[in-house]
Amino acid sequence: MNRIFNVCMFVICSLLLLSSCDKELVKGPGEWEQERRNNFYDYKVKNREGFDMLSITPCAYNEDTVFLTGIKNEKMWIGMFNNHTKEQLKEWNGTKTVERTIKIDKGYGETKLLNVTAFDFRSGIYKTNRGFIAVLSYLHRENTFLTTSDVVSKDIFLFNGNEIIVYPLNYPTIANPYWFQGSIFVLNMIEDCTYSIILSPDGKKIAEWKGNFVNGDFNPVPISYTEGIFIARESDFFIIRHNYQTGKDVWKTSIPSLKGVEDNARINSTILA
């Protein structure tokens with residue numbers, strides 16, 4: 001009799017457990033992800049009041065540090081955390097109300113509206129002498145999965161000291177976060193043209209010119225906010241000092257010692273002040 005009772009109890013408990021598991025499995029990926037957001041992804045946010053929990057987004061920085069972004073009291077919020085202990089290291093609180101509907105300039109007179117539910121730094125975060133800089137991506141999040149139409153990269157975002165600075169630009173790229181004297185080299189696409197913009201560490205425009213002069217093949221050494229020196233191969237190798245605003249060479253001289261060097265040869269150079 002006891003054996004029959006034990007078997008019956010085992011069957012009942014198993015059915016209860018299966019029923020419980022079935023209820024858990026009903027949750028979709030969006031619900032699981034929202035639960036993680038509601039717990040700030042296990043990071044120990046010090047003051048949890050006033051957050052729009054749909055806006056909480058983790059942004060990887062390195063293996064030791066992670067950032068969380070969010071909208072708190074309708075203003076931008078960023079927290080920096082120890083990725084191992086989950087402890088909060090620092091936070092930044094914006095002073096301007098987040099514009100929840102923004103107009104995106106797609107070029108050629110075409111615009112679109114984006115309803116902003118979150119923001120992040122999916123293009124990467126760079127350390128500067130004053131703090132950090134990133135391209136700001138605005139997100140429209142209705143569920144876990146974002147499509148390309150739900151993400152717009154717009155504006156340069158600086159969080160320096162305790163201050164948040166947003167410099168407005170369309171579809172920018174940080175070409176060099178360590179330009180001349182701590183300035184930041186940013187590329188901005190306007191319709192079919194690329195403009196180069198130099199920003200100061202506190203987010204003010206220093207210089208601007210048309211064209212892109214920083215890429216993987218051609219990365220000049222800056223000697224001012226508007227001039228750089230680089231080596232180029234034409235008929236021979238030349239060392240050139242170029243002014244980007246005027247688009248003209250200040251001077252140009254050949255390098256006889258490099259005459260006859262193979263096209264694919266690796267060349268290292270150092271500028272001595």
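Ser224 is placed in the loop between strand S16 (221-222) and strand S17 (227-233); helices (H or I, at least four residues) and strands (E, at least two) are DSSP runs, numbered from the N terminus. The model is predicted, so that local features need pLDDT of at least 70 and side-chain atom pairs count only at pLDDT 80 or more, while totals for chains, interfaces and linings use all residues. Residues are numbered from 1 along each chain as its sequence is written, and side-chain values use heavy atoms, with hydrogens and water left out.

A polar atom of the Ser224 side chain lies 3.2 Å from the backbone nitrogen of Thr226 and 3.0 Å from that of Glu227. Apart from neighbours within four places in sequence, Ser224 is in contact (heavy atoms within 4.5 Å) with Trp179 and Phe180.

His140 occupies the loop between strand S9 (131-139) and strand S10 (151-160). Beyond neighbours within four places in sequence, His140 is in contact with Leu114, Asn115, Thr117, Leu146 and Asp150.

An open sheet is formed by four strands in the order S1-S2-S3-S4, with antiparallel pairing; two strands pair if DSSP finds at least two bridges between them. Strand S1 (51-60) and strand S4 (88-97) stand at the edges with a single partner strand each, so one side of each has no neighbour in the sheet. Strand S3 (residues 75-82) pairs with S4 in the antiparallel sense over six bridges, and Ile78 has Trp92 as its bridge partner in S4.

Terms used:
A polar contact is a pair of N or O atoms within 3.5 Å; within protein, one must be able to donate a hydrogen and the other to accept it, and residues adjacent in sequence count only if both atoms are side-chain atoms.
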